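User: I have a structure open and want to go through some of it with you. Can we start with the helices and then look at a sheet?

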Amino acid sequence: MVKVFEAKKVLTMDHNNPSSTHVAVRDGVIVGVGGSDCGDGWGQVIHDDRFADHIIMPGLIEAHAHVSAGGIWRFTYCGHYLRTDPTGQDWPGVNETSAIVARLRDSAAKTPEGEPVVGWGFDPSFVTGERLSRLHLDQVSDKHPVSITHSNGHVMTANTIALQRAGLSNETNIEGVVRNSDGSLSGELHEFAAMQPVMSVVGFGLAKLSDAEGVAAYGQVARNCGVTTVADLFSDLHEDEVSMLLRVTSDPSFPARYVPIMNAMADAPEREAERAIALRQHSTEKLHLGRAKLFTDGSIQAGTAKLKAPGYYAMEDHGIWNMEVDHFRSAVRALHKAGVKTHIHTNGDAASELAIDAIADAMLETPNPDLRHTLEHVQLATVDQFKRMKALGITVNLFGNHLYYFGDIHWTKSVGPDRAARMNACADAWSVFSGDFAIHSDAPVTPMGPLTTAWCAVNRMTEQGRVLGNSQQISVAQALHCITLGAAYVLKMDDQVGSIQAGKRADFCILDRDPTSVDPMELRHVRPVTTVLGGEIRD
């Protein structure tokens, strides 16, 4: 049976046939694109005109987000921006310390004594008054461990009880444990070595956020914004988790292809490489395994990223390597030698430099130019670094949403006007990579929504209305490419998804209007109506 979908317009992202009005599907695969007769000759045809007044484009691809975007809503949102949970409920932002304390106190009142109270999404740059500390969180409760994770995911603040239960004290000697001028703990913890003890105490970790309920919610988050292929950029992927993922993603109701990237930092590099390869045998049409994740630095707006000169503009430099440099280099070498595609977190330009150098060394030892190792975020990468990446077969995934959500902070505090004007340099990336790159949300750091991410790359507008460097703006067509075929290329799935053409999976995003016809400033208001995965409508 061949089903022919009719649309007002089909945007294919295929340069051989850029647009049409119909697409034919058989057994979950596209067999024809064109007019109403495009399915003729492939078997018995049925016509489906339910999208005749809508736009069909390839299913959108979120190539960098985290499964916690689904599960994190079991905790208390304390961020600046209004956010929407997977059920569609809106949660207003909070911008004063007193309001954050009050919101967490409400949660504490509903939580059994001794159990943790956890907030997320907080960013001190948007909050008036004193910087949030353990003393403020002590006001939430003296009977619960309380923590609040900052929106960047690289910083946490905890109350006294949480710090005590985690074994952190004035004598603690861990990089990233922040102290007051008198040597006492402020409650603020920078990066994973410092955060992990409290994360374990409050239950805010991968195991809690990536259980079956969290993964199912993540699928719904993806479907709600038109995404049919979604990555999770940091997953332990031990045996029990893989079994759960096979069960959840094989459920016909799960609405996306899922690409979890394995944490490759816990064990010796050679063993992690072996584990990544072994995971491949468990891949299915909806679960894609065998990629690895490494970290270099932290977060720019938190001051924990690693920057080259001239460094930070109007904030302190707390730059931290999340992996020891020698360990990182060994991990890159081992994963590359084993043929494992590796995604590397690099926010600052010094971090990008380290990653490029490590991959160059690995490539000299074991030439393999099409693993498509990917530098993630690469927010301050320069055009000379892009050219080195291209020569080495490295791809990039730029943090487009940062331009709107944190652009004003970068302009006024973190890197200053000059470098803010070329952060997440999409125009430079387009000129070097010819479109073979992605842009992303890093949800839950910012909300998942590829059309909003595209809007950010096109307009480079901040919350306060600044344009962060119009020389780095890209066109709507280019931005749409980055959230479809470009993202598919970065995930090394462009043979399966990313465009509407014969032989690829029948994964579609149905839109209420044509994103190529609206004013570019309206792009983020184009609404995904539903999605189609493997030819099946996901209402």
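User: Which residues of H10 are buried?
Analyst: This is a predicted model. In H10, the buried residues are Phe328, Ala331, Val332, Ala334, Leu335 and His336.

User: What span should H10 have, and how far apart are its end C-alpha atoms?
Analyst: H10 covers residues 325-338, which is 14 residues. At 1.5 Å a residue it should span 20 Å, and the end C-alpha atoms are 20 Å apart, so the two agree.

User: And what follows H10?
Analyst: Gly339, with a positive phi near 80°.

User: OK, H11 next. At what angle do H11 and H12 pack?
Analyst: About 25°, with the axes 10 Å apart. That makes H11 roughly parallel to H12. The crossing is left-handed.

User: Which residues meet there?
Analyst: From H11, Asp349, Ser352, Glu353, Ile356, Asp357, Ala360 and Met363. From H12, they meet Gln385, Arg388, Met389 and Leu392.

User: Switching to the sheet. What is the strand order in the six-stranded one?
Analyst: The order is E7-E10-E11-E12-E14-E13, in an open sheet with mixed pairing. E7 (76-77) and E13 (177-179) are at the edges; each has a single partner strand, so one side of each has no neighbour in the sheet.

User: Is the E10 and E11 pairing parallel or antiparallel?
Analyst: E10 (residues 117-122) and E11 (residues 146-150) pair in the parallel sense, over five bridges. Phe122 has His150 in E11 as its bridge partner.

User: How do E11 and E12 pair, then?
Analyst: In the antiparallel sense, over three bridges. Thr149 is opposite Met156 in E12. Four residues lie between the strands of that hairpin, and Gly153 there takes a positive phi near 75°.

User: Which way do the E12 side chains point?
Analyst: Val155 and Thr157 point one way, Met156 and Ala158 the other way, and all are buried.

User: What about E12 with E14, how many bridges?
Analyst: Three, with the strands running antiparallel. The bridge partner of Thr157 in E14 is Glu188.

User: Last one. Which strands does H5 lie across?
Analyst: H5 (residues 191-202) lies across E10, E11, E12, E13 and E14, at about 110° to E14. H2 (residues 97-109) lies across E7, E10 and E11, and runs at about 145° to E10.

Definitions and conventions:
Residues are numbered from 1 along each chain as its sequence is written. This is a predicted model: local features need pLDDT of at least 70, side-chain atom pairs count only at pLDDT 80 or more; totals for chains, interfaces and linings use all residues. Side-chain values use heavy atoms; hydrogens and water are left out. Two strands pair if DSSP finds at least two bridges between them. Helices (H or I, at least four residues) and strands (E, at least two) are DSSP runs, numbered from the N terminus. Contact means heavy atoms within 4.5 Å. Axes are lines fitted to C-alpha atoms, for helices over the stretch in contact, and angles run from 0 to 180 degrees between N-to-C directions. The expected span of a helix is 1.5 Å times one less than its number of residues. Buried means under 20% relative accessible area, exposed over 50%, partly exposed in between (1.4 Å probe, protein chains only). Angles under 35 degrees count as roughly parallel, over 145 as roughly antiparallel, 65 to 115 as roughly perpendicular and the rest as oblique. A crossing is left-handed if the near helix is turned anticlockwise from the far one by less than a right angle, and right-handed if clockwise.
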